[in-house]
Amino acid sequence: MNEKIVVKAALLGAGTVGSGVYALAGLLEDEMVHKTGASLEIKKILVRDKKKKRDGIPCEILTDDWKEIIEDEEIRLVIEVMGGVEPARTYILEALKAGKQVVTANKDLLAEHGQEILTLAENNGCDLQFEAAVAGAIPIIRPLKQSLAGGRLTEIMGIVNGTTNYILTKMSEEGMGYQEALAEATRLGYAEADPTADVEGYDAGRKIAIMASLAFNSNVTFSDVYTEGITKITSEDIRYAREFGYVVKLLGVTRLADGKIEVKVHPMLIADSHPLATVRDSFNAVFVHGEACDDAMFMGRGAGKMPTASAVMGDIIIVMRNILHDNCGWNGGIAYKNFPVKPIEETRSRYFLRMQVMDKAGALANIAGVLGNNDVSIAQVVQNRGKDGIAELVVITDSVLERHFNDALMIVRGMSVLKEISGIIRVYGE
Ligand code: NAP
Ligand code: HSE
């Protein structure tokens with residue numbers, strides 16, 4: 001083994017993930033040569049504010065000038081962990097054009113510009129690795145591109161946002177308020193710089209778009225994904241869900257059926273006996289179904305400094321091996337099919353519907369009649385007498401076309417017996 005080979009790299013970003021990557025590079029310093037055939041040197045780190053004190057990172061290697069990196073011919077590897085679409089996109093494209101290898105954790109960028117970046121990487125014979133962009137420490141990108149590529153995949157379903165899973169777990173198990181749980185998830189480094197992306201389902205939407213593209217070899221972007229977040233979920237919904245034997249999770253789902261892709265993120269009731277119901281805290285889990293592989297499940301830490309850094313470091317190791325063996329440039333993931341995406345109205349779901357209604361004879365029958373007339377069949381129902389002549393009515397439906405459910409809901413909203421619709425959540429299963 002030649003101990004003199006050093007791969008020089010630049011880190012773009014020294015925040016939650018970047019500082020974790022730098023720390024791991026230090027921890028693995030003596031082993032890198034055994035794992036890859038070379039040592040790793042992080043020569044420069046790009047930040048916004050180079051005067052900010054950063055524990056364990058020498059200030060001499062900090063820079064706020066991209067030119068110091070792109071024009072440095074010694075730097076062969078760029079590790080982008082700064083986030084956002086621009087200037088990350090420009091920097092990555094420039095790095096690939098300059099023949100530098102790239103590792104990124106940036107799902108925002110890949111969910112919009114993945115095909116452009118992968119194509120440039122392929123044309124320039126460069127590596128573009130992005131395991132950390134989906135589900136933190138869980139290996140899922142490489143399995144989709146390689147291990148599971150031997151058969152047709154038909155469905156991916158998963159809990160792919162650590163922040164919202166943490167919030168829902170705390171609300172459900174400890175009765176913690178939504179704001180308090182979000183603040184704790186932010187303190188722990190799970191949340192995005194703007195946590196709206198987490199709680200509104202955009203972050204999970206970007207991850208499911210990336211996975212759908214890889215699984216179905218088709219270009220699925222974030223704009224194709226139907227998203228609904230967890231901000232409307234209340235402790236009452238969670239309590240009723242538990243009474244019915246369910247837990248509430250934010251799920252990303254994508255399916256390929258009849259030549260069309262379904263791709264969406266929304267809260268869902270899952271039976272408490274289902275394996276996904278046991279995925280708590282900031283853990284993520286991804287279920288994959290394929291015609292040949294059948295079911296496969298991947299689970300692990302989906303967010304946070306060291307779990308994410310672990311996935312980034314795994315990519316760095318692969319790129320370093322490829323550099324040493326002159327083997328860079330195969331990335332997989334280029335779309336060679338062109339399946340259309342199904343509008344959400346044409347997909348099917350079961351529904352949990354919680355309503356406040358007038359507590360008088362015929363109210364339940366009237367509402368059930370409207371649902372039935374619109375092809376919405378009721379599977380379970382609970383009615384609880386409240387105060388001031390109001391009763392709470394909770395219904396779980398059978399599987400229904402979203403369009404039919406929306407038609408029924410529009411009529412129910414106009415009924416005089418209805419005081420309020422308090423909760424609408426889809427339910428997993430046929
Ligand atoms: P973060 O804590 O906000 O850190 C961002 C870093 O990038 C900071 O050091 C910042 O510099 C630097 N930066 C941002 N914009 C810059 C610019 N225009 N020029 C130069 N430097 C810039 O973010 P993070 O949580 O580490 O996330 C980084 C990436 O990893 C994102 O793409 C994120 O989606 C992804 N990711 C995060 C996690 C997680 O658990 N946090 C998990 C998986 C993937 P300053 O320090 O000077 O402000
Ligand atoms: N904010 C993201 C999450 C980070 O909570 O899952 C990991 O991608």
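Predicted model: local features only at pLDDT ≥ 70, side-chain atom pairs only at ≥ 80, totals over all residues.
## Shell around ligand 2

The shell around ligand 2 is made up of three nonpolar, four polar and five charged residues. Its members are Lys107, Asn161, Gly162, Thr163, Tyr190, Ala191, Glu192, Asp198, Asp203, Lys207, Gly302 and Ala303. Helix H7 (162–174) and helix H10 (202–216) each contribute at least two residues to this shell.

A polar backbone atom of Tyr190 lies 2.6 Å from a nitrogen atom of ligand 2. The side chain of Glu192 places an N or O atom 2.7 Å from a nitrogen atom of the ligand.

## Second largest pocket

The second largest pocket holds about 460 Å³ of space. Its lining consists of 24 residues, and those nearest the centre are Tyr226, Glu228, Lys232, Ile424 and Arg426. By class, the lining has 10 nonpolar, six polar and eight charged residues.

Strand S8 (226–227), helix H14 (402–413) and strand S17 (418–427) each supply at least two lining residues. The largest share comes from S17, with six residues. At the level of domains, domain 2 (141–301) and domain 3 (346–427) each provide at least three residues of the lining.

Conventions
Residues numbered from 1 in each chain as written. Chains lettered and ligands numbered in written order. Heavy atoms only, no water. Near = heavy atom within 4 Å. Polar contact = N/O pair within 3.5 Å; in protein donor to acceptor, adjacent residues only side chain to side chain. Helix = DSSP H or I, 4+ residues; strand = E, 2+ residues; numbered from the N terminus. Nonpolar A, V, L, I, M, F, W, Y, C, P; charged D, E, K, R; others polar. 1 Å grid on protein atoms, 1.4 Å probe; cavity = no way out; pocket = protein on both sides within 12 Å on 5 of 7 lines; lining within 4 Å. Points joined across faces, edges and corners; volume = space filled by probe spheres on them. Domains from an automatic or database assignment.
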